[in-house]
Amino acid sequence: MGKYFGTDGFRGEANVDLTVMHAFEIGRYLGWYYGKDKKARVVIGKDTRRSSYMLESALCAGLTASGADAYLLHVTTTPSVSYVARADDFDCGIMISASHNPYYDNGIKLINGKGEKMGDELLDEIEAYIDRATAGEKDCLPYAIGEKIGRTVDYSAGRNRYIGFLISLATRSYKGKKVGLDCANGSTWMMAKSVFDALGADTFVINNHPDGLNINVDCGSTHIEHLQKYVLDNGLDVGFAFDGDADRCLAVDEKGNVVNGDHILYVCAKYMQERGIFGNSKVVTTIMSNMGLYKALDALGIGYEKTAVGDKYVAENMRQNGHLIGGEQSGHIIFGRLANTGDGILTAIKVMEAMCETKQPLSVLASGMKMYPQKLKNVVVTDKDETLNCEEVKAAVKQVEAELGENGRVVLRKSGTEPLLRVMVEATSDDLCEEKVDYIIDAMRKCGK
């Protein structure tokens, strides 16, 4: 985790933490880095935030000043940038989005030519360049001159090619299926409906009127209660909720129940196993996935692996080991042979495949997994490492784990960006979760940290 770039890009309040100068400098460095021996080609997408347009212009200015050509997908999804970057042989891709954050935040996500999140080594170089520029040092990177100056190119054709790719994945027509979509006033506001319409669904859409300020406001995967009501009120077969840049998807079954990322991992892994295509693959999760998922996978004889929190780490594990599916409870789901990042619309298509091929409603498909009650609290500490190594804290965690046994677990982890420790307990009841979380927090207070 660097000074500017976290596990999901450079993110912060637009023109406060993330400024147009930051965007310009990122463009300058990427254009120079990839253009050392040739004309660099970079593809750029953005979400519907008002500030996305100014950051796009600043990135383009930096890229073209260094001699790179910038190809603009315009408003699109993060996974579409990943797809186009690898399918059309770009040097890298850039997505301007703060995902599920409020409109006044924004972010810059960097994607390599394979459609994967950018490696730490290059991010460290970019951060060092930003620091030098911030300190007022003379810009050591050459400016392109004459015919070597870069250009911007309208590349909406790339976005259309991605839509065609999504449509090609469906194994059956959705004719007769009533599907609800909550587009979060974000990147999918036009794209998602066009995909489901093309596949024959009766498509019902909410929150598809972005105005630059309403992205994620009381809608999308972070406020799925509205889609739950919409599904029930309209008698829909299923609903899918995306976040601002559509790398997440949560679902709602026909009874109005939330089907989260852990449920989706279970449904899709079970479906692949039953179809004989899962083989020796394992489901890749983060340490924050619910224990109910692991027990359900155990019952099916499906193995799993756990990574640090962040879909970046899930993707790395999948690539290294050839696993077919992985993701997070929040709805970042990665299908290994189809994508290198979470893809909300793709996830919805794969859930629809399981429903259509098995001829079962989503409530039945997800019924084999029961969520354990879970409680998470954030604790402000003066020193994260010292608190974790405090004997009283370690003893408290050990005691809680012993008392819960196989019917619960403890996860204690550091925030990557704030002076916080996150204390999470899963157990057989909400009251027991609350009691055990508070017990561990009391031990932290006794340490005086």
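**Strand S4 and its surroundings**

Val-43 has Tyr-71 as its bridge partner in S4. From S3, the chain passes through helix H2 (residues 50-65) to reach S4, and this β-α-β crossover is right-handed. The model is a predicted one.

**Burial**
- Strand S4 spans residues 69-75 and is mostly covered, with 6 of its 7 residues buried.

**Pairing with S3**
- Strand S3 (residues 41-46) and S4 run parallel and are joined by 6 bridges.
- Opposite Arg-41 stands Asp-69 of S4.

**Pairing with S7**
- S4 is also joined to strand S7 (residues 152-154), by 3 bridges, and these two strands run parallel.
- Leu-72 has its bridge partner in S7, namely Asp-154.

**The sheet as a whole**
- The sheet is open and consists of 7 strands, with mixed pairing.
- Its strand order is S1-S2-S6-S5-S3-S4-S7, which places S4 between S3 and S7.
- Strand S1 (5-6) and S7 are the edge strands, each pairing on one side only.

**Helix packing**
- Helix H5 (residues 156-169) packs on the sheet, where it touches S4 and S7.
- The direction of H5 makes about 55 degrees with that of S4.

Note on methods
Residues are numbered from 1 along each chain as its sequence is written. This is a predicted model: local features need pLDDT of at least 70, side-chain atom pairs count only at pLDDT 80 or more; totals for chains, interfaces and linings use all residues. Side-chain values use heavy atoms; hydrogens and water are left out. Buried means under 20% relative accessible area, exposed over 50%, partly exposed in between (1.4 Å probe, protein chains only). Helices (H or I, at least four residues) and strands (E, at least two) are DSSP runs, numbered from the N terminus. Two strands pair if DSSP finds at least two bridges between them. A crossover is right-handed if, with the strands pointing away from the viewer, the path from the first strand over the helix to the second runs clockwise. Contact means heavy atoms within 4.5 Å. Axes are lines fitted to C-alpha atoms, for helices over the stretch in contact, and angles run from 0 to 180 degrees between N-to-C directions.
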